[in-house]
Amino acid sequence: MTIPPQMRDLANRLVAYEAATKKASEPMESAAPCVYDKLRMRLSALAGVAGFQALAFRALAQAKADAPSLWAVEVAADGSLKGLGESKPPVDIDNDLAGEGGVVLIGRLLGLLLIFLGESLTLNLISDLWPDAAFDDRISGKGRNA
Amino acid sequence: MSTQDKVTINKLPTGVPGLDEIVGGGLPEFSFNIIAGAPGSGKTTLAHQFVFANATLERPALYFTVLGESAIKMLRYQQQYTFFDPAKLPGSIRFINLSQVVLEKDLGAVLEEITKEVESANPAVVVVDSFRTMVRKPQSDMDLQSFIQRLALFLASWQATTFLIGEYAEDELRDNPIFTVADGLFWLRQTAERNSIVRKLQIIKMRGQASVPGLHTFRITNAGLQAFSRTFGLVGHRNAPTSHRRLLFGIPALDEMLGGGVPEGDSVLVAGSSGTGKSVMATQFIAEGIRQGEPGIVAVFEERPQAYAERAANLGLDLDAPQKDGKLAILYLRPLDLSVDETMHSILDAVQKIGAKRLVIDSLAGFEMALSPGFRADFRESLYRMIFALTGIGVTILSTVEVDESFTEFPFSTYSISFLCDDIIRLRYVSIDAQLRKIMVVIKMRGGNHAKDIREYEITPKGVVILGKHLKDFQGLISGIPVHSDRSDRGEELSHDPKIKNQA
């Protein structure tokens, strides 16, 4: 099962928003890990490090199917990611989401939150992490009265 | 010290319907409380209800989770309750997981972590779920006591009202220091009684105010916990009528036998065996009340409201219109694991909603069957509490009870509850002239004089109709097998002349 378009879209927008707030000197590629880390810190506080690590492990397993570029990535014991930027093995380029692996992983993570916590709590959590951004109108496609 | 010199302890809403009254008007602000009980007893849900009722953006709630139920799953399940307001997360209610520090460090580090979060958030409410898990690692009694003491002092000084949740056993009450430090101790129990599950809560301790003692039943529904006080929430609500008004039955001859009707605020028992017309009389009582502008409630246990209304219609009594007009409520209460307190809650809700003056309980046997087996054992005591509470707020109660006919006894009830009733009307079958007829007698009226006559009656399409004069020519009527006083002179024969029906 591939990543739902809404989750991918939300992850894309989070990464884009985070990239836009970075200084020009910082590489754009660092935006996705930054989004991931913000989610990690918040979710670790909420669910515990082990709780977040379990979620991240599952999200990564799903994401690897969508983005072979994540082949070397692992979730460390504290929930952080290891192996980002490792050189890629030979892959089916048509299915490769190289360069977007981070977005896919974040999308999968958000997808799990949506499944477990529901739309309201997931959006509240995102709004709390990125209070100046407006991401709260299109997760499930049903819209939201925020 | 005068009253004005004393500190005022604010009382916070518990968020649990019925619980405020039990704890003495609300939870004392800044108190340090324990919620104890076995798994599945509702501890976490109770804490959540309190948190959602009190947390604000300015004074949020910190909900510390430790090893045990995952916070994500907890939120997944808890948001199914109607009290769960997602908008309060994470601004007003913040979940913080302490598993890591509990696993890797000592109690000092745990306290440090809690201190850091509390200083940062300035919470009004702090919950630790589960505290039992937090202190499970081996440590000296002194370390534990010191930790608890410091935690309690710190949270109180930060003006936080605290709940520690734990799976404690009752035999720990004597030795565990946590119970000494706690200001409030809530104990939740869930027990299986035959095929029913009964939940009860007890306020073992509540410093600073008087809680209602005893075990209170509670239920967990999709709205969360709902508690049912043993005093039915009627503490200080005595409103017994002082008018000495009489409520008519709508059966003229019976009203005359009763000295003009049932004294308002009385509890009336109509006792008789199957088919003697108890329910018919009860229906007439409620219908007459509606005619007199006195709203009523019928609590039925043996048939559904529609069937009850249809049976009334067969007697020419319209119960549908008053239901639509808000003058009558027919409550069907039969989930088989009810407590009397829950039943009372439903009845009181209806009393308040429609301003009921009359209540029919049809029947006590059905009521008893609807209760969980454990509550049946306390049925007599529960009825006492219920009747006392309802008549105390001015409701006149008519209960029906089925009694087994005997030719050697004349029982009034199978529950030995006649002392609870102000008035008793006994119906029974008698064998006269090879016919099974029915007689009625007013056994007692606490509020005044009443007719001593034994009267024959029939159940007609117009309800209970009392026939003729009293049966003075028979002896041994209450045995069920009367003997004519003088078989050669029938004197005043039982009259079946329709012209004198319903006349005293």
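What percentage of the 504 residues in chain B is made up of buried residues? Buried residues account for 46% of that chain, where a residue is buried if 20 or more other C-beta atoms, placed from the backbone, lie within 10 Å of its own. The structure is a predicted model, in which local features need pLDDT of at least 70 and side-chain atom pairs count only at pLDDT 80 or more, while totals for chains, interfaces and linings use all residues. Residues are numbered from 1 along each chain as its sequence is written, and chains are lettered from A and ligands numbered from 1 in the order in which they are written.

Chain B contains 16 helices and 24 strands. Helices here are DSSP runs of H or I with at least four residues, strands are runs of E with at least two, and both are numbered from the N terminus. Among the contacts in chain B between residues at least 6 apart in sequence, 72% link residues at least 24 apart; two residues are in contact if their C-beta atoms, placed from the backbone, lie within 7 Å.

The domain assignment divides chain B into domain 1 (3-228) and domain 2 (246-428), with bounds that come from an automatic or database domain assignment. The C-alpha centres of these two domains of chain B are 41 Å apart. Their contact draws 9 residues from domain 1 of chain B and 9 residues from domain 2 of chain B. On the side of domain 1 that touches domain 2, the elements of chain B giving two or more residues are β9 (196-206) and β10 (215-221). By class, that side of domain 1 of chain B has 3 nonpolar, 3 polar and 3 charged residues. In this division Ala, Val, Leu, Ile, Met, Phe, Trp, Tyr, Cys and Pro count as nonpolar, Asp, Glu, Lys and Arg as charged, and the others, Gly among them, as polar.

Chain A has 4 helices and 2 strands, which follow the pattern α-α-α-β-β-α along the sequence. Of its 146 residues, 37% are buried.

Two helix pairs in chain A share helix α4 (residues 101-129). Two packed helices are described by the angle between their axes and the distance between the axes. Helix α3 (residues 49-66) of chain A packs against α4(A) at an angle of about 130°, with the axes 8 Å apart. Axes are lines fitted to C-alpha atoms, for helices over the stretch in contact, and angles run from 0 to 180 degrees between N-to-C directions. The angle makes α3(A) oblique to α4(A), since angles under 35 degrees count as roughly parallel, over 145 as roughly antiparallel, 65 to 115 as roughly perpendicular and the rest as oblique. The residues of this contact divide into 9 nonpolar, 2 polar and 3 charged.

Helix α1 (residues 5-20) of chain A packs against α4(A) at about 120°, again with axes 8 Å apart, and is therefore oblique to α4(A). Among the residues that meet are Met7(A) and Leu10(A) in α1(A), and Val103(A) and Ile106(A) in α4(A). This contact of α1(A) with α4(A) comprises 9 nonpolar, 4 polar and 1 charged residues.

Finally, the two chains meet: 15 residues of chain B are in contact with 15 residues of chain A. The elements of chain B giving two or more residues to this side are α3 (71-78), β5 (93-97) and α4 (99-104). Helix α3(B) gives the most, with 4 residues.

Conventions: A residue is buried if 20 or more other C-beta atoms lie within 10 Å of its own, exposed if 12 or fewer, and partly exposed in between; C-beta atoms are placed from the backbone.
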